[in-house]
Amino acid sequence: MPFGYVSPEQEMRDKADFARKGIARGRSVVVLQYEKGILFVAPNASRALHKISEIYDRIGFAAVGKYNEFEALRLGGIRYADINGYTYDRGDVTARGLANLYAQSLGMVFTESRKPYEVELVVAEVGEAPEDDQIYRLTFDGSVADEHGFVVMGGVADAVAARLKDRFRAGLSLNEALDAALAALTEPGGERPPVSQLEVAVLDRTREHRKFQRLTGPRLERLLGSSAPEETPPQGSEPETSPEGPDTPATAPEGDIDTGSGE
Amino acid sequence: MGNLFLDTGSTSFTEFVGSYAPGLLPGRLQAAGAAGETIPHATTIVAATFAGGVVMAGDRRATAGNYISQKDMEKVFRTDDYSCMGIAGAASTGIELARLYCVELEHYEKREGRTLSVVGKANRLATMIRGNLPMAMQGLVVVPLFAAYDEERDAGRIFSYDVGGGPYEQTNYAAIGSGSIFARGSLKKLYREGASAEDVVTVTLNALYDAADDDSATGGPDVTRRIWPMVAVIDDEGFRRLPDEEVERHVRQLLDVRMADPDGPTAPLR
């Protein structure tokens, strides 16, 4: 027996534990269906380094874990989608194809590299009707799950998912869906993350051409204001300022992004 | 597909396709002999700016020599939310170029999380036309016209190209294609700086009508089949293709004027 032998079982277990730890360090990302499409919500203090992004006309991407790893996967996914849409037709690019490609890639890295990717992804495609929506969740080892309704990944995912389960139902309006997501992301008794530290986007089936849209600034504030009456400023006050007030320091609980190198 | 993830490379989709599947790029196949007269050609495109935006319009005729190969061809393409391009010349290469350019802009936008500047977009198109030069030399000439809304200036901008690239920024209006000499004369007389979008649509439709009047390769409005020119308007709200009913209303108005006066509106003498 060569020196330093570990059984394959032990090696896989160790890799899985390592990846899970990395993913749990960041904060959760929530993906849920609402009446007109799919909503993505992520607490993220960075304006430029995204956890949520557009892949193609009807396909969105959300990730937690190590930034450089999921960014490489995102860029690869965009290439896959663009080359297929250009070779065939825009309608021939599907989330299922993309999820399969990610599964292959993640599975290969997990078994063949010394270090697995510390990432978890969601690939979501908005359809013509809610029942045509597709949400695929991919884990670090290349497993794929076909989800319905909502997905929570990263951070204390189980607790957030449990809170979201209480509030989620099919056909929520955008306001209600956003409210449910934020309530789920907030620990009981805790304060909701301010607008400046939220990354929110939708795949809106009613939009033309490209369905992906980021919700930022005043529009997001209006949505939040109408969804959370207890935080709405009194009538006649300036709606431009965040409900938390400008004096709240911009604290990023987990840093700008999950670097995975916190320990 | 491994290299999709491991080598994240440049932001250019064209460069990526060139290394990954070069056969998919236009301009990489060598045409056998002169292909000029045998494949369909797209003809006249006009563009003109208005206060806060730009209008682009194209006729619908494609010709191969003296043969009209298509009566309802679309030669104006939306390239992203705030830009469009029209093509004149070899139709097949032009359509392929427009499709590739559209993905090129979108690819950059998705990767970088920002859109290219208007001049950046114009330069990018110039590079792609330069890539088509060998085919242009064999008769597969394609010349685009590019129009975009510039957010920083709150104004429309127009760029024209030759087969070697370009870009040449045009003030106020431009026309390309075999009917462009006639369209340009018409634009010169009817164009007013700072006019409304509605008025500029009328100006561009008149220019196309005048081009069709004198150029056999440019199609006029087809009233019996109800095929109207394609008109695109870009302003701060983004790209919008005018619906057929709206273009029809404009064209019928224009035809009413031409019934009484076949040469259309005239500019004041002094």
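Analyst: Happy to; the terms are taken one by one below. This is a predicted model, where local features need pLDDT of at least 70, side-chain atom pairs count only at pLDDT 80 or more, and totals for chains, interfaces and linings use all residues. Residues are numbered from 1 along each chain as its sequence is written, chains are lettered from A and ligands numbered from 1 in the order in which they are written, and side-chain values use heavy atoms, with hydrogens and water left out.

User: What makes β1(A) and β2(A) a pair?

Analyst: Two strands pair if DSSP finds at least two bridges between them. β1(A), residues 29-34, and β2(A) have 5 bridges in the antiparallel sense, and they form a hairpin with 2 residues between them. β2(A) is also joined to β9(A), residues 198-204, by 7 bridges, again antiparallel. Ile38(A) in β2(A) stands opposite Gln33(A) and also opposite Leu203(A) in β9(A).

User: Why is the aromatic pair of Phe110(A) and Phe140(A) called tilted?

Analyst: Rings of Phe, Tyr and Trp (its six-membered ring) pair if their centres lie within 6.5 Å; planes under 30 degrees apart count as stacked, over 60 as edge-to-face and the rest as tilted. The structure holds 12 aromatic pairs over all chains. Phe110(A) and Phe140(A) are 5.8 Å apart centre to centre with 50° between the planes, hence a tilted pair. Phe110(A) sits in helix α3 of chain A and Phe140(A) in the loop between β6 and β7, 30 residues apart. Both Phe110(A) and Phe140(A) are buried.

User: How do you know that Lys15(A) lies over the face of Phe110(A)?

Analyst: A charge sits over a ring if NZ of Lys or CZ of Arg is within 6 Å of the ring centre and within 35 degrees of the ring normal. Lys15(A) is at 5.9 Å from the ring centre of Phe110(A), and lies over its face.

Methods
Helices (H or I, at least four residues) and strands (E, at least two) are DSSP runs, numbered from the N terminus. Buried means under 20% relative accessible area, exposed over 50%, partly exposed in between (1.4 Å probe, protein chains only).
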